[in-house]
Every structure is written in C-alpha cells, then in structure tokens.
Amino acid sequence: MKKTIGKYNNKTVVKSYKELFRIIQKSIEQYNEIRLVDLKISCAIDTYSLLGKKGIPMDLSSGNISVDYPVLIDGIECDELIFNKLTFNKEVVSPITSKSSIRRLAFYDCIFKSSSTNSLQITDLTCNNFVMMHCFSVTSISFDRISCKGNFNIEEIDIKGGLVFRNFVLLPQKETEFYLEGRISQDVKFSNCTLAKATNVNVETNNNIIFEYINYDIKENIENDLKVLRFGKICMSGTSIGNQLVLLCCNIGTIDMVNVKINSILEKFIKIKFIVET
C-alpha cells in the first residue's frame, strides 16, 4: 500500500486529524501507548476535537474524554497543540531524547490521575507560549529543560503532589511573563533557572516555595572586569506558604511580596532587594 504520510528531516509529516489518529491507533496496537514521536504536524491540533470525532466515550461526571494509555511526546514540531478536557489515567511524559518545538502548548480542564511520581513530566521543550488552566493532578508535575520565548501561564491549578521547574529559561523578550496561581500540596521548587523577566508566584502550598541557583553566575564584562547582574523580578501576591520561603544562591533584582502568609524565610548566598507590603 502506498504511503500517504511524507517525511521531513526524518520526521513524519502530519497534515490532518485523520493522519494523526491513524498514528495514535498504530502506536496503541504496537506499544500499548499513545506515541507522538518524531512528528512534524502542519495543522493546529485540539485533542478534544480529534478524539471526540472518533466516538471515544466521555466521562459524564466531568465531561472529559478518558485517555487510558500512557502518552509519550518526543521530537514534536507543531505550531499549536492543545490538550482540552482530557482525563489522563496514565502518565504523560516527554523524555530527554529529542527536543520538541511547539509554538503554543496548552492544557485546559485536564485531569491527571496517574499514580506515578510525576503524572505530567515535560522535558526538553522550546515554546513561544505555554498555558495550563483549570487542571488537576493527583501527584506531582515536573518541567525540565524548558526554554520559553513568550508567556508561561499556569492558572487555577490543583496539584496534590509538588510542582518542580528545573533548568527552566524564561527568555528576556518584550512583555514576557511567568504566572503561577493555584493550590499545591507539597513543595513548589525552582532549581537552576534563568528568570529574566517578571515571575509571578501566587499559590497556596502546605510546604515550601524554594528558589535555588536562580540566575546563578550571570555576569557582564565591563572593561575586562566581571560584574554580577541583578536579574529579573519575583512577585508574590496573596501567596500562602505553610512552611518556608527558601532562597539559595539566587541573583534576582527584586522580590515584591504583598499580603504573603509565611512562617519563615531561609536565605543563603543571595543578591536580592526585598519589597514587602502588607
């Protein structure tokens, strides 16, 4: 049978929902997983529309479509990939294999039910825009090796585990913003991140909010001399921290705290100007 799906830079070119659904079906048959691997998707994808058109049963209590297979995302090129009103009963993982480039990646009204350590783990991704809104997870969510050129927004999130950002780079583009809002039961942790613009962390957590090695060792060369730069701004408004705000080896321009509830602050090797308002 003649192939209808072409190749581009060793990636399978996908031009329609029909072609993508065929790839999903084949991966389930071969691996018992949904594998979105080495694909160049030339059409915007809304997974609710994709799966809903195929008559997949819906959870009447939530209105979501149930996904009963692990989802693997690796080496994807796409302008827009939207996960909308899906309940993932297995983990969603983007492994450290091939970098994905998705101009706009979004999760709306999704439920992550996997009992794995991380129900959602996104690794090695470049994007222009990321949105996660009104989502729930029974375990932790992790982002690692993310480079974002535009806004990175997480709103109305409810995570029963922790939330971790490692090796996260928010590039200093005009009007770039990081915004995080919701409830996280365990630690919220930023580790080895470059936060060049405004970083808004407005969450409720029972444990700690940790910033470690933020903008660490960022310097400029001035007349053959190196000067440490104060870089970026962290804003907290209405934030509730059950335990500690931890700042370890951070180089940040300012931290602006308004109506923040906190037990204590642990600071070590930091260069920050605090602005506290009640």
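What share of the contacts in the protein with a separation of 6 or more comes from residues 24 or more positions apart? The share is 47%, where contact means heavy atoms within 4.5 Å.

The model is predicted, so local features need pLDDT of at least 70 and side-chain atom pairs count only at pLDDT 80 or more, while totals for chains, interfaces and linings use all residues. Residues are numbered from 1 along each chain as its sequence is written, and side-chain values use heavy atoms, with hydrogens and water left out.

I turn to the overall picture. Of its 278 residues, 47% count as buried, that is, under 20% relative accessible area, against over 50% for exposed and partly exposed in between, with a 1.4 Å probe and protein chains only. The accessible surface comes to about 13,800 Å², and carbon and sulfur atoms hold 46% of it; the areas come from the Shrake-Rupley method with a 1.4 Å probe, and for residues only the protein chains shown count as cover.

Next, the aromatic rings. Rings of Phe, Tyr and Trp (its six-membered ring) pair if their centres lie within 6.5 Å; planes under 30 degrees apart count as stacked, over 60 as edge-to-face and the rest as tilted. By this rule there are 18 aromatic pairs. In one of them, Phe152 and Phe168 have ring centres 4.9 Å apart and planes at 85 degrees, so the pair is edge-to-face. This pair links distant parts of the chain, with Phe152 in strand E15 (residues 152–159) and Phe168 in strand E16 (residues 163–170), 16 residues apart. Both Phe152 and Phe168 are buried. Phe168 also pairs edge-to-face with Phe178, because their centres are 5.6 Å apart and their planes stand at 85 degrees. Here strand E16 is linked with strand E17 (residues 177–184), which holds Phe178, ten residues from Phe168. Phe178 counts as buried because its relative accessibility is 0%. One aromatic cluster includes Phe152, Phe168 and Phe178, and Phe83 and Phe211 are also among its members.

Finally, where is Asn207 found? Asn207 lies in the loop between strand E20 (198–205) and strand E21 (209–214). With a relative accessible area of 31%, Asn207 is partly exposed. Leaving aside neighbours within four places in sequence, Asn207 is in contact with residues including Ser185, Asp187 and Asn243.

Terms used: Helices (H or I, at least four residues) and strands (E, at least two) are DSSP runs, numbered from the N terminus.
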